[in-house]
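User: I am new to this structure and would like to learn how to read its features one at a time. Could you take me through them with care?

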Amino acid sequence: MAGITRVGAYIPFHRLGGDTVRAVWGSGSPRASRPLAGFDEDPITMGVEALINAAGWGDSEVDSLYFASTSHPYAEKSNASVLAAAADLPEKLFTLDAGGSVRAGTSALKAACDAIEAGSSKAAAVVAAEKRPSLPGSPDELSLCDGAAAVLLGKGDDVAAEIEAIYSWSEDFIDRWRLPGEGAVSAGDAKFIQDYGYVRQSVATVEGLLSQTGATREDIARVLVYAPDARTHAAIARKLGFPDSAYPENPLIARLGDAGAAAPLLSLVDALQNAEPGEHVIVAGHGSGGEAILLRATEEVHSLRSQRGVGWSVERARAIPNYGQWLKFNGLSPEEEIKPFTSPSILWKENRATMRLMAGVCRACGELQYPRQQVCNACGARDEWDERKLGRRGQIFTFIHDYLPPSPEGFITMATVELEGGGRFYGQMTNQVKDDVRIGMECELVFRLLHQGDGYYNYFWKLRPAE
Amino acid sequence: MSGSIAGKVAIIGAGITKFGELFEQSYNDLVVEAAFEAYEDAGVSGEDIEAAWLGTYLPLGWGFDGTGGPSLAEALNLYPKPVSRVANYCTTGMEAVRMAAMAVASGMHDVVLAVGAEKMREVPPRGSLVAQHVEKLHPMYSKGRTAPGSFAVLARRYFEEFGADKEDLAEVAVKNHYHGSLNKRAHFRKEITKEQVLKAPPVTEPLGLYDCCPTTDGAAAVVLCRAELAEARFDKKDYVLIDGMGLSCATGYITTAFNPKFSFIGFEATQEAARQAYEQAGVTNPREEIDVAEVHDCFTITEILNYEDLGFVEKGEGPDFVKSGASKLGGELPVNTSGGLKSCGHPIGATGARVVADLTHQLLGRCGDRQVKGAKRALGHTLGGPGAVSSVFVLSKN
């Protein structure tokens with residue numbers, strides 16, 4: 001039976017605090033704390049981080065990748081292919097960008113599960129990521145959540161949660177929507193969409209699964225449903241009628257906010273990392289109908305606990321210092337225009353080095369070089385290279401804080417890091433606390449948006465403190 | 001086998017424009033001023049010049065001039081002679097002189113001109129070096145690097161390994177501003193205090209504003225001839241001989257900071273270029289045998305590293321060398337008596353030619369308040385890209 005073998009999640013470390021919003025707009029719950037993608041993060045970079053948290057650093061056997069989002073950076077051009085390269089997935093790979101609905105995460109999970117069951121995929125990765133759009137001063141500003149989740153699917157002994165059944169249904173329904181180019185989500189009448197949309201449809205989704213499988217409410221240890229806010233979540237829970245213990249004591253919608261298409265998978269990753277063998281879990285996606293998925297945790301489920309999940313990210317949360325940073329992160333405050341040089345043909349030619357971080361090890365002299373030349377810079381041998389992926393972690397050898405280049409944070413920290421496994425990486429730091437950076441500090445490589453030269457996204461690796 | 005330049009080429013004329021924010025002068029104006037001053041000093045006219053080399057680092061980066069030999073030929077009416085433009089990062093001006101000297105040494109030409117020029121202040125502030133790093137270069141690697149940033153990483157590492165600090169760097173800034181106050185062609189002519197240096201706003205921590213050279217316009221030129229012609233044809237009693245010239249490319253431009261062998265406490269390029277030049281010049285103890293030096297103080301840390309890489313002192317002893325006053329006017333080995341890049345400014349293509357021209361003036365005793373008395377042997381050094389390439393000249397009075 002197909003099931004989940006590995007999990008990973010990533011919530012950006014930045015938080016927009018209710019007090020920060022209140023200071024500008026005069027309203028906003030002081031307790032609110034919205035996870036916020038940094039200026040160098042988007043659904044692709046967050047998806048990469050979640051995927052690496054699930055699949056590891058290179059040597060993956062994933063043969064199909066499903067990437068779900070309602071906020072794909074590219075409206076035209078594959079988004080999943082960027083994840084595949086950055087997570088160093090094999091080139092023989094099926095990719096699919098799923099979108100159009102906050103249900104896309106569970107829809108992608110169903111499609112991946114079907115591929116595993118059908119035998120067309122041996123190892124599938126499902127990633128859901130969102131950078132949720134909201135306008136300054138709107139209530140959404142504090143209720144949404146940016147983030148990403150990833151699950152790997154397969155069959156066999158390493159399955160940690162078997163997927164026992166999936167129920168899907170469709171009903172055209174206008175609750176929330178967004179047209180191309182709009183910077184915020186619109187909503188219909190609040191009472192109507194709660195009662196007839198979220199509550200009625202979610203109940204129908206979960207009850208459809210129960211009647212399809214013959215399971216009873218008592219059989220289910222954990223029920224995870226999508227809701228746009230905590231109040232609606234509570235209304236759905238009441239109407240669904242499971243014992244209180246089946247619902248998360250502090251659901252992600254209350255802890256973090258509405259993560260859109262990433263929400264069901266984030267809840268699932270979090271639940272499975274806390275589940276015991278034998279527990280049944282239902283996770284439901286919502287949107288013009290819905291999906292409900294029934295899983296059973298196996299003896300392997302504890303193996304998921306060591307992977308980086310929601311808890312790992314939340315422990316690293318840090319409030320941004322002021323509202324202006326939020327405006328800058330979202331491109332809402334005019335920045336000095338820079339037009340970095342870039343070229344699609346360079347990005348294509350050097351893809352293995354820049355995206356997959358492949359260094360060269362000279363067969364003649366053993367020297368590891370990154371970025372490598374054609375002729376070995378140590379011994380002069382030409383084209384005698386074995387490829388080796390750079391290690392992810394290392395220690396700072398030297399660094400500086402540079403106030404000259406334009407940056408939303410006012411400075412850029414550049415560091416040279418000595419990597420485990422050999423070689424050095426030199427580049428920008430991210431998520432660093434300026435005064436904490438020091439020689440010897442442990443760092444790891446993270447995939448980030450470097451710039452938008454030529455109008456497309458130029459992604460590369462940065463260094464993040466990892467202590 | 002490598003040969004030697006020693007004794008083959010004489011410098012018979014030198015010209016240096018005022019360095020600064022020369023908004024009223026064009027690139028061609030600067031080239032003409034420097035070249036004609038060198039002509040006059042040499043006692044030649046444009047007709048005597050058989051070939052010329054132009055050093056300009058980055059045409060089209062901050063101006064349109066200097067893209068090729070014709071930029072110089074047009075400004076000086078050198079038609080239809082052989083004229084080339086050379087570029088080698090911040091050693092560019094010295095490269096123009098080196099190419100010109102080799103042409104003379106080869107016997108190809110008897111009298112040649114080398115000009116270095118850069119017009120950096122005809123663009124907005126961010127149109128300068130910062131923009132070169134952000135808007136140009138590789139789309140990914142080293143993005144975020146700036147010129148001060150690529151030297152500040154050495155300061156950080158140097159501090160870590162030798163316990164030096166920002167006060168040590170400030171000594172260099174104070175000394176070179178003092179020297180600059182005595183040089184009427186320097187961009188900055190005000191003395192500064194250590195307190196001012198330490199309180200200046202950060203540019204690239206740990207470097208502050210006074211640790212950095214400014215962005216400047218300027219040009220310099222030298223006229224070279226076969227050594228035996230200096231007196232025979234041009235009636236020179238006093239002139240300067242090139243004793244040694246070294247050039248080394250020791251790391252890559254982008255890959256330096258990725259290179260596990262790069263120490264971040266010095267520049268192999270400088271060490272190797274110095275080795276070549278010293279070998280030709282027969283210098284075995286530079287601290288004893290050099291009377292005056294112009295070295296590449298693009299940032300204060302660089303001057304300290306240069307002392308060590310050039311063999312004036314051992315690794316780690318640079319801060320004490322400057323603190324002792326040894327490198328100040330009146331000290332045992334005055335360094336950057338012009339004010340250096342710190343006070344003169346650093347019009348990239350001009351700098352190397354300015355160093356050679358300035359040392360020519362020192363060796364010929366023309367430097368007034370900042371003259372090193374009795375200077376017989378001089379060292380010039382430039383370093384570029386950041387530390388990938390270095391050029392060293394040893395010069396002496398005939």
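User: What should I know before starting?

Analyst: This is a predicted model, in which local features need pLDDT of at least 70 and side-chain atom pairs count only at pLDDT 80 or more, while totals for chains, interfaces and linings use all residues. Residues are numbered from 1 along each chain as its sequence is written, and chains are lettered from A and ligands numbered from 1 in the order in which they are written.

User: Which strands pair across the two chains?

Analyst: Two strands pair if DSSP finds at least two bridges between them. Here two bridges join β18 (residues 393-402) of chain A to β5(B), and the strands run antiparallel; D402(A) stands opposite T204(B) in β5(B).

User: Where do the domains of chain B lie?

Analyst: Domain bounds come from an automatic or database domain assignment. Chain B is divided into domain 1 (9-125 + 216-232) and domain 2 (141-213 + 241-397), and their centres, taken over C-alpha atoms, are separated by 23 Å. Their contact takes 40 residues from domain 1 of chain B and 36 residues from domain 2 of chain B.

User: Which peptide bonds are cis?

Analyst: Most residues other than glycine have a negative phi, and most peptide bonds are trans. The bond from Y370(A) to P371(A) is cis, with omega near -15 degrees, and a cis bond also joins Y79(B) and P80(B), with omega about -10 degrees. P80(B) is placed in the loop between α2 (69-76) and β3 (83-86) of chain B.

User: What is the phi of D59(A), and is this residue buried or exposed?

Analyst: A residue is buried if 20 or more other C-beta atoms lie within 10 Å of its own, exposed if 12 or fewer, and partly exposed in between, with C-beta atoms placed from the backbone. Phi of D59(A) is near 55 degrees, a positive value in a residue other than glycine, and D59(A) counts as exposed because it has 9 C-beta neighbours inside 10 Å.

Note on methods: Helix = DSSP H or I, 4+ residues; strand = E, 2+ residues; numbered from the N terminus. Contact = placed C-beta atoms within 7 Å.
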